[in-house]
Amino acid sequence: QQQQQPIEGEGQQQEEEGKPKGGCARARGYYPIPDSVKATYLPRNRAVFDNPSVNGRTTSRTNRVNNRRLLVGMDMQKKSMADSDILKFNQLKNRKKQLRFAKSPIHDWGLFAEERIDANDMVIEYVGEVIRQQVAEEREKTYERCGIGSSYLFRVDDDTVIDATKKGSIARFINHCCSPNCSAKIITVDKQKKIVIYANRDIEPGEEITYDYKFPIEADKIPCLCGSSSSTIIQMDHPYNQILLFGFSFDPELLGFGASLANAYQRKVDVVNRGFSGYNTEWCLPILRQLLPTVEKQKRTPAKVILTTIFLGANDSALPFALQHVPLDKFKANLNTMISMIKSPESPTYNPELRLVLITPPPLNEVQWKKRCDDQGGPLNRTWEYSRDYAQAVRDVAKERGIVVADLWTKLMDFGTDHLHEYLLDGLHLNANGNKVTYELLIQTIEQHFSDIHPDNLDMELPGFRDLPRENFDDLLQFRLLKQ
């Protein structure tokens, strides 16, 4: 069959238009069509990718354009949702904050941060059983009759309450504070209302999570124990600097060394006893994190903690089978952590002006302690040798970190083993004589290493009554710290 010849000039015109020369259309294969040619037959003002494809198929170019449009749309949607509650809530479900519950100085159990939480971040969702208001009222009465001291009822709206008393998450352990670091907010996700706890400010690791319960009706029934400067109990800044006695509890009836120290510093410095009977260093670590003021709080508060004593080890030195036992290496590590809370510049509670004293545990009188164990029907759970090793550990840590140590163990042993019963109530705890020795040792340590805060070298915050004039005395009765 004779092949059809192209008309003269046609090949040249096709080449100029981007088409191959000659041949039938089926033999030419695929070739690009210039925009100038497409413009002659495509409708005007219509995007190319909107043109319906032949036989319902789309070209690769159409797919690329559509994908680009989809990506642009997704980016715009992400930008518009960046600050939305729903996006944050989804992020919270995918990556939960590291939290734990432990004993709280505010009330019973509390919730503590295990990582840094930035301001405005979602901390945790308050989870529980969704019930009606009428059911919540009946349950509250039932819980009171059953002796359940704490109920966890959180109102969502006028008709809905979340009950986390028996079904819920660890968010129910969040305690009240008059100056909270978090707040509760109700958001709607998939047409369901949810209670989410937000961070009001940056929260450091070890800090307790708190929010304001907003219970003004029960202000007289439930006193505030948060210790905040805006607490409902005390509505003022503290007018005295403070000395913090941490770790060792004492009986005021036995003339505890803390009471003697408070008497020596009366009207000059407040002595705050934070002793926890039976506690070891493991349990005391999260407590100390809360007691020490943060760097930001130190800047805002005129009163300072000028001295802290850490008096631990008597319970850690219990024998390995006892509940209170902490291995020697772990005990030393815990002491180092407590020191770093105060002395490390990276610590949120760093305080270079705070003076720190470690007090060694007293020696154990096994004769007395065995009698107590026998009376309680248990085995001997402490020995003199263990108390010696843990006292030495305190000395070693103090020497390594350059911290002042008050060596109570050596002080009591200087009286002789046969005389330990004269200073120990039951072989472990100090009696009146032991507390007197501890007080004298602590005052001697302060005089030797921190003479500037020895009670004899401090003035009273307010003058004695004999120094007051009969008139024009208002200025003399202003606390110096509150003037700052």
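Q: What should be kept in mind about the model and the numbering?
A: Residues are numbered from 1 along each chain as its sequence is written, and side-chain values use heavy atoms, with hydrogens and water left out. The model is predicted: local features need pLDDT of at least 70, side-chain atom pairs count only at pLDDT 80 or more, and totals for chains, interfaces and linings use all residues.

Q: What is the strand order in the open sheet of four strands?
A: The order is 1-2-10-7, with mixed pairing. Strands (E, at least two residues) and helices (H or I, at least four) are DSSP runs numbered from the N terminus, and two strands pair if DSSP finds at least two bridges between them.

Q: Which strands stand at the edges?
A: Strand 1 (99-103) and strand 7 (175-176) do; each has a single partner strand, so one side of each lacks a neighbour in the sheet.

Q: Do strands 7 and 10 run parallel or antiparallel?
A: Strand 7 and strand 10 (residues 208-211) run parallel and are joined by two bridges. Asn175 stands opposite Thr210 in strand 10.

Q: Changing topic, how many salt bridges are there?
A: The count comes to 19 salt bridges, a salt bridge being a side-chain nitrogen of Lys or Arg within 4 Å of a carboxyl oxygen of Asp or Glu.

Q: Where do Asp121 and Lys97 lie?
A: Asp121 and Lys97 form a salt bridge at 3.9 Å, N to O. Asp121 is in the loop between strand 2 (109-113) and strand 3 (122-126), and Lys97 is in the loop between helix 4 (85-94) and strand 1, 24 residues apart.

Q: And is Lys97 buried or exposed?
A: Lys97 is buried, at 19% relative accessible area, whereas Asp121 is partly exposed at 27%. Buried means under 20% relative accessible area, exposed over 50%, and partly exposed in between, with a 1.4 Å probe and protein chains only.

Q: What about Arg355 and Asp452?
A: Their side chains meet in a salt bridge at 2.7 Å, N to O. Arg355 lies in strand 14 (residues 355-359) and Asp452 in the loop between helix 13 (432-449) and helix 14 (480-483), so the pair ties together parts 97 residues apart in sequence. Arg355 is buried at 18%, while Asp452 is partly exposed at 44%.

Q: Which residues are linked in a network of salt bridges?
A: Arg116, Asp118, Asp202 and Glu204 are linked in such a network.
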